[in-house]
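Hi,

Here is the structure I promised to pass on.

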Amino acid sequence: MASLDLVKLNKIFPNGTHAVKDVSLKIEDKEFVVLVGPSGCGKSTVLRMIAGLEEITAGELYIDGEHVNDVSPKDRDIAMVFQNYALYPHMSIFDNMGFGLKLRRMPKNQIKEKVETAAKILGLQEFLDRKPKQLSGGQRQREALGRAIVRDPKVFLMDEPLSNLDAKLRVQTRAELSKLHLRLETTFIYVTHDQIEAMTMGTHIVVLNDGIVQQVADPFTLYKFPVNQFVAGFIGSPQMNFVDAKLTEANGTISVGFKGGSIDLTPELSARLKDNDRLSAREVTLGVRPEHLDVSHAKGDDENIAIVEVTELLGSETHLFLNLEGDTVVARVDPLKNIRVHDKVKVHFEVEYVHLSDRESKASLLYEENT
Amino acid sequence: MKKSLKPYDILKRVGFNFMIIFVLLYLLFPFYWAVNSSLKTESQLFMTPATAVPRDPATLEFSPTLQNYSVVLRDGQFLRGLANSTIVATASTSLALIAGSFAAFALGKLRFRGRRPALYLILAMTMFPQVTVLTGLYAVITVLGLSAIVSMIFSYLLFTLPFTTWVLTSFFKGLPNELMESAQVDGATPFQTFRRILLPLTAPALVTTGLLAFIAAWNEYLFALTFTAIEPGSRTVPVAIAFFTGAVAHQEPFGEIMAAASLVTIPLVVLVLIFQRRIVAGLTSGAIKG
Ligand SMILES: Nc1ncnc2c1ncn2[C@@H]1O[C@H](COP(=O)(O)OP(=O)(O)OP(=O)(O)O)[C@@H](O)[C@H]1O
Ligand SMILES: [Mg+2]
């Protein structure tokens, strides 16, 4: 159990790569924090700095209020699941899981009990006396998880611990991890590039890009009020659609015009926009999630008309790839709708859910602190 | 269905096998000749032409004799030499492996200033010809008043230690860093990491370098000859053999020397046979992804 305080952490590797830039984070005790971001954005590096495996180039790190920049990993009381497992190849699964406990001089029968409980949670009971090389990739990954969960550390660090599991096992283990978090009441820091994992497990999500923290928020806020175009595009699947657009103001109504048509903003959105000056003719990017688009067969309309280029039938929903006067947008629609490729459709926007960002800075124009 | 071979392929195969046979003959002939000679009596040894197997000079019947072996095995000098060699080779090999694995762990896995110069310095130690170091070493040993056995143990480290350190360093380097990091996070001290995680994984390399160091120490002649000059009781086997006087005076005991030489290779062969099963590759498989 511990709180963490990261103050302007920086990591510059000897080869000059500036992998982590001014990362500041306050993590409360018992939180489940998820670090997400695309490959190479510095997630593992942040985690390794917390573990003490990577020297901190600049900035301060506190665990439970204690300054730990120069504390060695073994004295930080953390458990870590490595991205590439790092199992001890010459030890059985049992010994792998019990190694940390043995070093802490825990009595044998207690070790046995702990390891067996963990093995049960992870479905590894039958493999306890095997060596890592006699396991499949998924089993190895679960063993790596097991090695962490037998411990009772201040902080759990997990680097993509589910990446090698099949879909079913992943859903199962995801739930097990959430349960574990509730049961252990310990701080979890979890790295993933899978935004579904992030959304389903995290109490707080930290979105990283290029070593810079983009936004820290709970899943709902992140979905609803992304701070910039990167976060908007990263969270949600299929990805949010982005269309180049221009703002115009007439009779107190702000409308967003784009190549294939235009929409009028709701008064509520207009109000959130209005403190931005220079509204008229401003170059913006219109963002709209596939679930906030709908289509109907076009009947002589002249605005927001698109051609269906591809249909993806997923059973519970259908994804339509629409050509809106040159802009490709994806709509997520009812599978019962009778829409076929090459159909001409009218696109409906759920206007209250659209996003607008500045074309140049990519910062959201609708984002509000504390919303 | 039979595959028809092109003339070129046949040529390649024949050439390849021919080469293998040549290399085998080249390697094994000296050993074969030693064994052959060791089974001959004095008179058989002087037959012309020399026979490929021991034959009776008159009837040319196949008639080997174990007389040389029985003489050698009753020779106090030789048995003493065997014991001395065992002590010296075992001690210097163990020391080389212990010191070498520590050094290799540091050089291969820890980061510190002067690592690279240290590596090259170690390599440089092996570059001087033995004869050139000999005088200096002899002076040091006389000043320190070390016994011949101890002197040999330490001077053999001169060539076994750099070699084991180099080989083990590259081996340690090849072990995944994540294993060390994972042990650290599990709460292991650097020594525990070395002892419990990395050392077991270097077992194949330890066995291989240990064997080679042992063989080098076992067969060493120049240092042993010098250091035991005034201490004949400490002669190792190669020196003892060279000093054989034989049962008959004023006559080179060629057969006995060959018998002794054949006998001293036996421990080495046995060692290799015992340890070869432990030289297993791919011991780290399963440690990390991919
Ligand atoms: N030891 C190193 N030396 C130099 N550069 C490094 C080193 N380790 C990582 N990097 C660089 O730092 C950046 C961040 O790496 P990091 O491993 O943290 O990415 P990540 O977010 O975990 O990516 P992934 O999702 O692919 O695991 C990358 O650009 C990487 O190339
Ligand atoms: Mg990573």
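Which backbone nitrogen lies 2.8 Å from a polar atom of the side chain of Asn96(A)? That of Tyr88(A). Before going on: this is a predicted model, where local features need pLDDT of at least 70 and side-chain atom pairs pLDDT 80 or more, while totals for chains, interfaces and linings use all residues. Residues are numbered from 1 along each chain, chains are lettered from A and ligands numbered from 1 as written, and side-chain values use heavy atoms, without hydrogens or water.

Asn96(A) counts as buried because its relative accessibility is 0% (buried is under 20%, exposed over 50%, partly exposed in between; 1.4 Å probe, protein chains only).

Then there's the metal. Ser44(A) (OG) and Gln83(A) (OE1) coordinate the magnesium ion (ligand 2) at 1.9 to 2.3 Å; donors are N, O and S atoms within 2.8 Å of the metal (3.2 Å for Na, K and Ca), and with water not among the atoms, sites may look incomplete. Those two are 39 residues apart, with Ser44(A) in helix H1 (residues 43–51) and Gln83(A) in the loop between strand S6 (78–81) and H2.

Finally, the chain A–chain B interface has two salt bridges (a Lys or Arg side-chain nitrogen within 4 Å of an Asp or Glu carboxyl oxygen). Arg48(A) and Glu181(B) form a salt bridge at 2.7 Å, N to O.

Cheers

Methods. A polar contact is a pair of N or O atoms within 3.5 Å; within protein, one must be able to donate a hydrogen and the other to accept it, and residues adjacent in sequence count only if both atoms are side-chain atoms. Helices (H or I, at least four residues) and strands (E, at least two) are DSSP runs, numbered from the N terminus.
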